[in-house]
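Subject: Structure handover

Hello,

Here is the structure I promised to pass on. Please open it first, then read my notes below.

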Amino acid sequence: MPTRYAVIGLGQFGRAIATSLANKGAEVIAIDNNVSHIEAIKDEVAHAIVMEATDIKALRAQGITEVDAVVVAIGKDFEALMLCCVHLVELGVKRIIARAHGPIQRMILERLGVTEILSPEDEVGKIVAERLINPNILSFLELPDDYEIVEIRAPKAVINRSLEDIGLRDKYKLTVITIKREFVEGDHVEQHVLGVPSSKTLIVENDTLMVFGLVKDITRF
């Protein structure tokens, strides 16, 4: 039986979540009070429903308590988002993921009992700042205790050298989790993951390294 999710609020952010879930085989209930938003997504998800998510009776009627998780992605109207979350908590929805703009909204949602809170603007801001400071970094995941996992364009100094020769582990205290490499497939280029690399694996031009380590060591590398 496929996993079932509800996505409430179908702006750009909510629609991206709903369609991504549907593309991965999940059964998605997409909810918005804007008819045009529903029309735009109805062919991409299992159920697309025009309704007010602030109406607890309407939420209950859609079987909202039976889904695996509800994503509340209402963008501009925080009062509506907050009221929707209150109803979802009251109905006993087992997993609620909500969007917050800034620390005050995050604090309010936490007080309401929402434990999974997304702040996409903050995340984008961090990524942009990181890429400005370190242009070779394509993306990163912050971890506790000053650790990160980052995707790094292979620097010129390491091209055509093995991981053993570069000495990432001994010199920089870093671990290469995997490598993404470009391959020509017909008339276009695709990236494929090489799996877990060995110490003898050579780095070639246009490789992307996925590296784990302390922030200070990644920056030094």
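This is a predicted model: local features need pLDDT of at least 70, side-chain atom pairs count only at pLDDT 80 or more; totals for chains, interfaces and linings use all residues.

Now widen the view. Six strands make up an open sheet. Read across, the order is β3-β2-β1-β4-β5-β6. The pairing is parallel. At the edges stand β3 (47–50) and β6 (116–118). Each has a single partner strand, so one side of each is left without a neighbour in the sheet. On average, neighbouring strands are turned by 15° against each other, direction ignored. As background, strands of a sheet pair through backbone hydrogen bonds, either parallel or antiparallel.

Helices on the sheet

Two helices to look at here. Helix α1 (residues 12–23) lies across β1, β2, β4 (69–72), β5 (96–99) and β6. The helix α1 runs at about 165° to β1. Helix α5 (residues 102–112) lies across β5 and β6. Its direction is at about 160° to β6.

Helix against helix

Helix α5 also packs with helix α4 (residues 78–91). The angle between α4 and α5 is about 20°, and their axes are 10 Å apart. Angles under 35 degrees count as roughly parallel, and α4 and α5 are therefore roughly parallel to each other. Their crossing is right-handed.

Which residues meet there? From α4 come Phe-78, Leu-81, Met-82, Cys-85, Val-86 and Val-89. From α5 come Gln-105, Ile-108, Leu-109 and Leu-112. The residues of this contact divide into nine nonpolar, one polar and no charged.

Two backbone points

Most residues other than glycine have a negative phi. Two residues deserve a look on that score. Asp-146 is not a glycine, yet has a positive phi of about 70°. Find Asp-146 in the loop between β7 (137–143) and β8 (147–153). Asp-146 counts as exposed, at 58% relative accessibility.

Asn-160 is the other residue to check. Asn-160 has a positive phi of about 65° although it is not a glycine. Look for Asn-160 in the loop between β8 and α7 (163–166). With a relative accessible area of 59%, Asn-160 is exposed.

Best wishes

Terms used. Residues are numbered from 1 along each chain as its sequence is written. Side-chain values use heavy atoms; hydrogens and water are left out. Two strands pair if DSSP finds at least two bridges between them. Helices (H or I, at least four residues) and strands (E, at least two) are DSSP runs, numbered from the N terminus. Axes are lines fitted to C-alpha atoms, for helices over the stretch in contact, and angles run from 0 to 180 degrees between N-to-C directions. Contact means heavy atoms within 4.5 Å. Angles under 35 degrees count as roughly parallel, over 145 as roughly antiparallel, 65 to 115 as roughly perpendicular and the rest as oblique. A crossing is left-handed if the near helix is turned anticlockwise from the far one by less than a right angle, and right-handed if clockwise. Ala, Val, Leu, Ile, Met, Phe, Trp, Tyr, Cys and Pro count as nonpolar, Asp, Glu, Lys and Arg as charged, and the others, Gly among them, as polar. Buried means under 20% relative accessible area, exposed over 50%, partly exposed in between (1.4 Å probe, protein chains only).
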